[in-house]
Number of protein chains: 2
Amino acid sequence: MKIGILGTGSVGRTLSARLAELGHDVVIGTRDVAATEAREEEPFPAPLAIAAEAAAGAELIINATAGQVSVAALDGAGAANLAGKVVIDVSNPLDFSEGFPPFLAVCNTDSVGERVQRAFPEARVVKTLNTVTAEVMTHPERVAGGDHTMFLSGDDAAAKSTVTDLLREFGWRDIVDLGDITTARGTEMMLPLWVRLMGALGTTEFNYKLMR
Amino acid sequence: MKIGILGTGSVGRTLSARLAELGHDVVIGTRDVAATEAREEEPFPAPLAIAAEAAAGAELIINATAGQVSVAALDGAGAANLAGKVVIDVSNPLDFSEGFPPFLAVCNTDSVGERVQRAFPEARVVKTLNTVTAEVMTHPERVAGGDHTMFLSGDDAAAKSTVTDLLREFGWRDIVDLGDITTARGTEMMLPLWVRLMGALGTTEFNYKLMR
């Protein structure tokens, strides 16, 4: 599949590398290709393009930017380039501006997932993967052999089916559909526990298995 | 142990019945004993007393009131009656005033656990059990034979040790100490996911197992 990834941080890099390894045609979108290349010493695992070009050429787009700037970043990619496409939102609005622990810049009665869906009503937004670190997103077998749970939220059933297939390619086996995009509040609000568990356990490689 | 339970709803009832069954000396505290008895058809599983009396006679107190009114309810029990004692806070500030899904009346940069600790600095507050339904709090074996995780938060290590022993009496085996009382933000913020999972799964009897 032709996949455009917005975000050049560690999440964007890790997703790009894994998707390329799985045989997908990946382009990483950024605001300024030359500036991104000049800033980063390590080569990127997929070609860079300006965000609008990365989105225009893609069948599926992944938002791997910080939650606070996601709507602006997707706006830079262009609403027309998102229309009708599956947009996977893996972002979290963690705000470290007042130190540790971070707070959420949006939560409780709204979420980044909902903001993205409202801002781009023709995009088919699916929130998922935001509850684990990038290495676990792409290699769930790194924790307990993959015996744990991934949630997803979204308004479009066909989009959720496409994303479920992609999650299975990564190795996810227990995938729980929470319902419409407003359920993204629940998974984004798991992050305050996540950051404290990271401290208590001394690792970022953990997740929850839903027992029922 | 002499245990005072504040809260006459289903959580208070379920905890009282289980603790009495385990041999503890339980008193249920309420604002007005006659009014509570007049309102409720089913007999209570332990004797009722006014909140101050229930707290004064107890070695350990459980706050099973709604999160929004917990500080007021504990104030009714009397700060002097809480001083030096372990106070287990199992409450959640779920606000259904605008319908479903509920939002949290406090979250993100504060929590009910912290509010209770700040309001009663001499109490030894431990937040726990708020992430599961009352039947699972008291009988964890109802879900996956008890193979799942309970978190706790608090500033007082000895209080957390006392609470850990009580959790083991209920049947909890995997108990994770998240750290100080500010980590209660994380477990209270799991509730928006919990209410949506209840809908997706069609049951209240589920929990998470922390995989690491």
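The legends below walk you through several close-up views of a predicted model.

**View 1. How chain A and chain B are related.**
Two copies of a chain are related by a rotation about an axis and a shift along it. Here, chain B can be laid on chain A by a turn of 180° and a shift of 0.0 Å along the axis, with an RMSD of 0.0 Å. The two copies are thus related as by a two-fold rotation axis.

**View 2. The interface between the two chains.**
Where chain B meets chain A, 36 residues of chain B are in contact with 36 residues of chain A. On the side of chain B, the residues that lose the most area to chain A are B:Leu193, B:Arg196 and B:Met211, which together account for 22% of what that side buries. Between them, the two chains bury about 2800 Å², and 72% of this is on carbon and sulfur atoms. The copies meet through the same surface, because 100% of the interface residues of chain B are also interface residues in chain A.

Side chains of opposite charge can pair when their charged atoms come close. How many salt bridges cross the interface of chain B and chain A? There are 2 salt bridges across it, and 7 residue pairs are in polar contact there. B:Arg196 forms a salt bridge with A:Asp180, and their closest N and O atoms are 3.6 Å apart. Among the elements that give two or more residues to the side of chain B touching chain A are β7, β10 and α9 of chain B. The largest share of that side comes from α10(B), with 6 residues.

**View 3. Strand β11 in both chains.**
Take a look at β11(A), which pairs with strand β11 (residues 207–211) of chain B in the antiparallel sense over 5 bridges. Within this pairing, A:Leu210 has B:Tyr208 as its bridge partner in β11(B). Strand β11 of chain A is largely enclosed by the rest of the structure, because 4 of its 5 residues are buried.

**View 4. A buried salt bridge between two helices of chain A.**
A:Glu114 and A:Arg185 form a salt bridge, with their closest N and O atoms 2.8 Å apart. A:Glu114 lies in helix α6 (residues 112–119) of chain A and A:Arg185 in helix α9 (residues 184–188) of chain A, so the pair ties together parts that are 71 residues apart in sequence. Are these two residues buried or exposed? Both A:Glu114 and A:Arg185 are buried.

**View 5. A salt bridge between two loops of chain A.**
Here the side chains of A:Arg142 and A:Glu205 meet in a salt bridge, 3.0 Å from N to O. The pair links distant parts of the chain, 63 residues apart: A:Glu205 is in the loop between α10 and β11 of chain A, and A:Arg142 is in the loop between α7 and β9 of chain A. A:Arg142 has 48% relative accessibility, so this residue counts as partly exposed.

**View 6. A salt bridge in chain B.**
The side chains of B:Arg124 and B:Asp156 come together in a salt bridge (2.9 Å, N to O). B:Arg124 sits in strand β8 (residues 124–128) of chain B, while B:Asp156 sits in the loop between β9 and α8 of chain B, 32 residues apart. B:Asp156 is partly exposed at a relative accessible area of 23%, and B:Arg124 counts as partly exposed at 24% relative accessibility.

**View 7. The surroundings of A:Thr14.**
A:Thr14 is found in helix α1 (residues 10–21) of chain A. Its relative accessible area is 18%, so A:Thr14 is buried. A polar atom of the A:Thr14 side chain lies 2.7 Å from the backbone oxygen of A:Ser10. Leaving aside neighbours within four places in sequence, A:Thr14 is in contact with A:Ala134, A:Glu135 and A:Thr138.

How values were computed
Residues numbered from 1 in each chain as written. Chains lettered and ligands numbered in written order. Predicted model: local features only at pLDDT ≥ 70, side-chain atom pairs only at ≥ 80, totals over all residues. Heavy atoms only, no water. Buried < 20%, exposed > 50% of the residue type's maximum accessible area, 1.4 Å probe, protein only. Polar contact = N/O pair within 3.5 Å; in protein donor to acceptor, adjacent residues only side chain to side chain. Contact = heavy atoms within 4.5 Å. Pairing = 2+ DSSP bridges. Least-squares fit on C-alpha atoms with pLDDT ≥ 70 in both. Buried area = accessible area lost by both parts, 1.4 Å probe. Salt bridge = Lys/Arg side-chain N within 4 Å of Asp/Glu carboxyl O.
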